[in-house]
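Student: Please take a close look at the cavities in this model. I would like one connected account of them.

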Amino acid sequence: MPGNSGAPSGAPRDQGTKPAWYQDTQKYEQPDLCKAIGQLLNTLVPYVLMLYLMYHAIQSGYSYWVTLALAVPAAGFLGRILIFFHDCAHSSFLASRKANNILGHICGILAFTPYEDWRRAHNTHHATVADLDRRSVGDIWTLTVDEFLTAPWRTRIRYRLFRNPLILFGLGPIYEFLISHRMSHKGGTRNERYGVYLNNLTILAIVLTASLTIGLRTYVLIQLPVIVICGSMALWMFYTQHQFVGVHWVRHEEWNPIRAAMDGSSYYKLPRLLQWFTGSIGYHHVHHIRPRIPNYNLQRCYDETPAMQKIHPLTICKSLKSPFLHLWDETQEKMVGFQSLKGLARRKSGRG
């Protein structure tokens with residue numbers, strides 16, 4: 001089966017069996033308080049500074065392009081805050097579970113994302129990644145070729161629109177962070193629903209406070225571009241790390257958690273600055289092998305684990321192909337684009 005790397009993990013299909021090197025990676029799960037505090041300081045302080053500079057630019061009458069230019073690094077720092085939020089959801093950023101939960105709620109307010117509700121969906125994603133029979137929760141909507149060809153025309157239109165890059169990475173983040181995250185989702189517990197309400201009420205309190213101080217218009221001109229740019233970056237990272245040339249998907253009876261982690265997640269090799277802003281989440285196969293490794297230990301685990309290094313890296317250039325991969329072809333065992341549908345349909349009808 002074509003995959004991210006063939007099958008360097010050496011993982012058997014038996015879901016209860018793990019390769020010999022797996023146990024050695026557990027040591028990287030240990031949180032480091034000094035590193036965690038250092039990351040909070042080098043991210044929260046400049047984030048607040050960027051917001052102040054945006055406010056100052058507006059108040060001083062500079063062109064709004066200056067504010068938008070400042071929104072880019074501000075969105076980068078907010079992206080790092082999302083990484084801390086993500087680590088807290090895995091109880092990995094700090095040693096204390098309670099401290100992780102408190103910090104997770106705070107980061108979730110800054111990132112317009114309810115902590116408990118998101119954590120449930122994300123944990124489901126980890127438990128079902130690369131499993132064709134357990135899609136939909138915490139994932140990007142993905143259909144197989146057969147599912148698309150046999151779907152009602154309304155579903156096909158919706159899917160084509162959804163997978164359009166302008167919608168997926170343009171309108172998608174606006175909907176996700178400003179609309180979808182304001183609602184509790186089906187199957188959530190009472191605590192998860194209350195978490196959504198608390199997130200909404202706190203954000204509302206911030207908006208009201210801003211309206212009474214700097215003015216609603218100024219607040220929107222500052223916060224909206226930051227959350228949209230950050231959301232687009234976050235969605236791009238998540239999308240390309242599970243939708244790329246060589247990705248591995250199988251039906252549940254063939255699913256293996258180690259193979260799913262190693263070949264169903266990419267190693268997105270980024271320039272040093274982008275790696276810093278994204279909290280090393282480009283080592284996504286490492287993260288899926290051991291979700292409780294904090295972001296500040298991901299590279300060390302990669303550097304010191306030879307099996308991790310056998311994964312072929314996904315470069316920025318290669319990742320530009322990902323938005324044009326729309327469907328999983330179970331026959332060829334690879335992602336294909338809509339442009340392949342005519343040939344695939346003819347091939348299937350010929351076999352029929």
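Tutor: A cavity here is a set of grid points where a 1.4 Å probe fits but cannot get out. Its volume is the space filled by probe spheres set on those points. Keep in mind that this is a predicted model.

With those terms, turn to the second largest cavity. Its volume is about 50 Å³. The residues that line this cavity are His105, Ile109, Pro114, Tyr115, Gly195, Leu198 and Asn199. Two elements give two or more residues each to this lining: helix H3 (97–110) and helix H8 (190–213). H8 supplies the largest share, 3 residues. By residue type, the lining divides into 4 nonpolar and 3 polar residues, with no charged ones.

Now set this cavity in its context. A search of the whole structure finds 2 cavities of 30 Å³ or more. The largest cavity has a volume of about 100 Å³. Its lining is made up of 14 residues. Of these, His125, Asp139, His242, Gln243 and Trp249 lie nearest the centre of the largest cavity. Helix H4 (115–128) and helix H9 (216–240) are the elements that give two or more residues to that lining. The types in the lining of the largest cavity are 7 nonpolar, 6 polar and 1 charged.

Find each lining in the 3D view. For the largest cavity, begin with the residues nearest its centre, including His125 and Trp249.

Terms used:
Residues numbered from 1 in each chain as written. Predicted model: local features only at pLDDT ≥ 70, side-chain atom pairs only at ≥ 80, totals over all residues. Heavy atoms only, no water. 1 Å grid on protein atoms, 1.4 Å probe; cavity = no way out; pocket = protein on both sides within 12 Å on 5 of 7 lines; lining within 4 Å. Helix = DSSP H or I, 4+ residues; strand = E, 2+ residues; numbered from the N terminus. Nonpolar A, V, L, I, M, F, W, Y, C, P; charged D, E, K, R; others polar.
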